[in-house]
Amino acid sequence: MKKFFVVATVCLTAVFCCGCGEKQTHKMQSVDTAMGTVIQQNIYTTDSGSKDTEEILALLSGLEEQELSRRLDTSEVWKVNDSAGWEEGSMLSSELAEILERCLNVWQQSEGAFDVTLGPVVSLWDIDGWAAGEREGSFSLPEDRLLRDALGRCGSGKIQLKDRRFFLPEGMMLDLGAVGKGIGLDRILDYLEGNEEITGAIISVGGSVLTFGEKPDESTWKVGITNPADTSANIGVLSLEGQWCISTSGDYERYVELDGVRYHHIIDPATGYPADSGVSGVTVLAKDGFLSDALSTACFILGPEKGMPLAERYGAEVLFVSRDGRVQMSEGMKKYFHKS
Ligand code: FAD
Ligand code: MG
């Protein structure tokens with residue numbers, strides 16, 4: 001079973017280049033936790049007193065606590081879930097309304113594979129419990145009757161969004177776990193774009209990575225793609241220039257094993273069970289974080305045959321690693337991928 005690691009905050013700085021009349025570039029580094037995952041930041045800035053890493057961490061914590069968490073009663077998603085069954089529905093912030101519109105669009109385009117109303121099934125499987133190591137040695141499969149009941153309370157076709165008024169039927173629950181980190185990347189991008197002193201950055205929010213600007217030595221950003229069969233190694237590296245969002249969904253991220261079978265955290269809405277498309281890992285490269293994160297989850301469930309055209313429709317690149325180690329990728333991805 002995978003353990004969840006708690007990482008203490010580390011802040012390191014280094015000074016780069018000092019050309020005639022040019023401002024010095026400082027590298028700010030930190031490792032923290034937010035959204036139940038590890039946040040790693042490397043920021044290049046001309047401001048020696050920069051508080052960017054702290055401000056970005058606060059931005060992510062705010063996004064979790066005030067907007068997206070289904071676990072914290074301070075968040076808008078929690079309040080919306082609490083309103084399930086209200087005849088008059090609830091009024092969403094413009095931010096959450098836009099996020100849900102985009103989720104519904106990916107739900108439609110993925111023929112229902114990507115579905116943010118899977119909260120009841122995700123809760124029944126107790127995926128957070130696996131992540132925290134609480135179910136070690138005591139895991140049993142959810143009862144069929146309970147799984148059917150939970151699945152009956154899922155389905156984006158049952159929710160309604162009219163302008164900002166949202167109707168969530170009784171017993172249903174939103175879970176934005178499949179896009180939260182990507183939305184985090186989009187908010188970080190807004191922050192970086194608004195700060196002229198920042199010349200480059202590479203920031204990882206769990207399995208989702210943002211690259212921005214350039215390094216002082218002008219070399220490319222390198223983003224490793226984990227080998228699902230040996231998570232201590234990479235199958236290859238993406239070599240990227242400028243701004244990109246990269247998200248990976250894998251069956252090795254959160255899972256539990258029972259009688260030699262691995263049960264992971266990416267659920268097929270058609271069955272209520274972990275998706276079984278023969279895929280072990282999917283990496284999506286896109287210009288925005290919502291898309292890279294939503295599509296990596298959707299493509300994991302759909303597999304290459306349906307996932308490849310889905311990514312193409314959104315102008316994103318995709319790479320699949322199958323359970324037998326085979327690697328398949330879109331034509332555009334080949335420009336960036338280098339085998340290890
Ligand atoms: P992804 O493939 O991006 O998403 C998988 C997740 O999406 C699943 O875990 C499930 O929640 C959901 N999902 C499963 N199947 C589908 C589907 N078919 N369609 C749509 N969604 C699906 N984890 C904790 O243990 N403790 C916490 O306190 C905690 N807080 C969080 C707060 C926020 C705001 C967010 C966004 C996540 C939080 N998490 C927490 C979850 C944790 O970070 C997960 O690892 C993460 O959401 C899963 O991301 P992934 O990239 O591994 O997988
Ligand atoms: Mg995702």
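Predicted model: local features only at pLDDT ≥ 70, side-chain atom pairs only at ≥ 80, totals over all residues.
Let me open with a question: in which loop does Asp126 lie? Asp126 sits in the loop between α4 (119-125) and α5 (127-131), where helices (H or I, at least four residues) and strands (E, at least two) are DSSP runs, numbered from the N terminus. Residues are numbered from 1 along each chain as its sequence is written, chains are lettered from A and ligands numbered from 1 in the order in which they are written, and side-chain values use heavy atoms, with hydrogens and water left out.

To stay with Asp126 for a moment, this residue has a positive phi of about 60° although it is not a glycine. With a relative accessible area of 24%, Asp126 is partly exposed; buried means under 20% relative accessible area, exposed over 50%, and partly exposed in between, with a 1.4 Å probe and protein chains only. Asp259 is found in the loop between β12 (255-258) and β13 (261-264), and at a relative accessible area of 75% it is exposed. As background, most residues other than glycine have a negative phi.

Now to the fold as a whole. The protein has eight helices and 17 strands. Its radius of gyration is 20 Å, close to the 20 Å that the globule rule gives for 340 residues, so the protein is as compact as a globular protein of that length; the radius is taken over C-alpha atoms, and the rule is 2.2 Å times the number of residues to the power 0.38. Along the principal axes, the C-alpha trace spans about 70 × 45 × 40 Å. Of the 340 residues, 51% are buried. Among contacts with a separation of 6 or more, 59% are between residues 24 or more positions apart, a contact being heavy atoms within 4.5 Å.

Next, the metal site. The magnesium ion (ligand 2) is coordinated by Ala178 (O), Asp293 (O), Asp293 (OD) and Thr297 (OG1), at 2.1 to 2.5 Å. Donors here are N, O and S atoms within 2.8 Å of the metal (3.2 Å for Na, K and Ca), and water is not among the atoms, so sites may look incomplete. Along the chain, the donors follow the spacing A-x114-D-x3-T. Why are Asp293 and Thr297 separated by about one helical turn? Because they are four residues apart in helix α8 (residues 289-313). Both Asp293 and Thr297 are buried.

Helix α8 also holds Ser296, which counts as buried at 0% relative accessibility. Not counting residues up to four places away in sequence, Ser296 touches Ser247, Thr248, Ser249, Val282 and Val284. Pro142, by contrast, is 154 residues from Ser296 in sequence and 26 Å away in space, C-alpha to C-alpha.

Leu161 is in strand β5 (residues 160-162) and, at 16% relative accessibility, counts as buried. Leaving aside neighbours within four places in sequence, Leu161 is in contact with Leu92, Ala97, Leu100, Glu101 and Phe166. Between Leu161 and Ala132, which are 29 residues apart along the chain, the C-alpha atoms are separated by 34 Å.

The C-alpha atoms of Ser93 and Arg164 are separated by 7.1 Å, with the two residues 71 apart along the chain.

Finally, Met28, in strand β2 (residues 25-34), is buried, with a relative accessible area of 7%. Met28 and Ser50 are 22 residues apart along the chain, and their C-alpha atoms are separated by 8.0 Å.
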